Amino acid sequence: MKNINRKTLFWGFVSAVLLIGLVYAFKPRAVMVDWHVVEPEQLIISIREEGKTQVHDIYTLSAPVTGRLKRVDAHVGDAVTMSATTVAQIEPLDPGFLDPRSEAQAKADVQAAESARQLAEAEVSQAQAELDFAFNELARMRELSISGAISDRELEMAEKGYKTRRAAVATAQAALQMRNFEAERANAALLSPTATQILHGICDCLDIKAPVDGHILRILHKSEGVVNVGTPIMEIGNTGKLEVVIELLSSDAVQVEPGQLVLINNWGGDHQLRARVTRIEPIGFTKVSALGIEEQRVNVIADFLSPPADWDKLGHGFQVDVKIIIAELNDVLTVPIGALFRVGEQWAVFQVQSGVARQQIIQLGLSNQLSAEVTAGLQVNNTIILNPGNQIVDGVRVVSREELIESR
């Protein structure tokens, strides 16, 4: 009887151990997770994008007349003074070549002008001879008038004749001068381009002055050559008056307002710069991204708040990284973006309650790339699971990976 009881007790003990082992073996194990304790934090909503600096006012100097632009000796970056620094010079163009017919006509015009000049010289000689005769005649009439041999009328006629001849001489001399000018003009028509080459650098040139104090930003036409009126020559601006241009997606640009703070990083200096949004341009433009996608962009302009001494090494067209502060919230409940998932049209997280994951529907407010504001569904010191995987479902046991590692 005692042997039967001992066997019963032995196999009962073995069965209990096996049962406990099977229960333990098939019991669901806790899933290791990373979790986060919800606490009030500061939430900054911002838009990050690349920008570039540009001079506030850029002046493009153009050729005021058609002519030959002399080689521009200035260089990009040279300082200029308004109305004092000569940045370019333009001289007259060389005459064009004459075709055989035009050359024959020009030579005929020269011969005609020369003949007209000779005729004018003869007329001057004739008028001078008649003036000499009138002068002698007037002197004789005056002597006769003293003795009463002629009447006063005859004396007056002699004086009139002298004055008329003197005027005729002046007229003939003026006509001769006009013929000389016509001869010069006719000869000028025969002037060839090779004959004017020696005049380069001697003739009067049109000096183009700097319109503003600043620096030369870009030279558009440096070499000597013929330019038409209105041809751009160079760009000048004051690099002490810089602004930042940020090309935002149109969907981001609608969130930006004048006066918002802009933080500038990765510009080359060891400190952060500050700026302020001054203008959002009301027109967008299409730009192709690096992935070949067409995007609608809008230019946002910001002026520096940092003193010029902090960014004096920046110039026109320098690349910078900017962060536009859209909103800044203090002491608000936030959750990491990685903890969120969708349940239908709602947002949810897994909350840890007594070592068990429980699905919790929450309501969100503002968000940035890292965190989101929680307006309802969670309280201070609640624990939530970060980056829940497929193993995490409502009611599953969980354990903190960090605590488990520390316990080992």
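**View A. R358 is partly exposed, at 36% relative accessibility.** (Partly exposed sits between buried, under 20% relative accessible area, and exposed, over 50%, using a 1.4 Å probe and protein chains only.) This is a predicted model, so local features need pLDDT of at least 70 and side-chain atom pairs pLDDT 80 or more, while totals for chains, interfaces and linings use all residues. Residues are numbered from 1 along each chain as its sequence is written, and side-chain values use heavy atoms, with hydrogens and water left out. D394 is partly exposed too, with a relative accessible area of 48%. The side chains of R358 and D394 pair up in a salt bridge at 4.0 Å, N to O (a Lys or Arg side-chain nitrogen within 4 Å of an Asp or Glu carboxyl oxygen). R358 belongs to strand β18 (residues 356-367) and D394 to the loop between β20 (383-386) and β21 (398-400), so the bridge ties together parts 36 residues apart in sequence. (Strands are DSSP E runs of at least two residues, numbered from the N terminus.)

**View B. E49, E295 and R297 form one network, joined by salt bridges that share partners.** Zoom in on E295 and R297: their side chains meet at 2.7 Å, N to O. Both E295 and R297 are buried.

**View C. R68 and E224 make one of the 12 salt bridges found in the whole structure.** The N to O distance for R68 and E224 is 3.8 Å. With R68 in strand β4 (residues 67-69) and E224 in the loop between β8 (214-219) and β9 (225-227), the pair links parts 156 residues apart in sequence. R68 is buried, with a relative accessible area of 18%, whereas E224 is partly exposed at 46% relative accessibility.

Terms used: Helix = DSSP H or I, 4+ residues; strand = E, 2+ residues; numbered from the N terminus.
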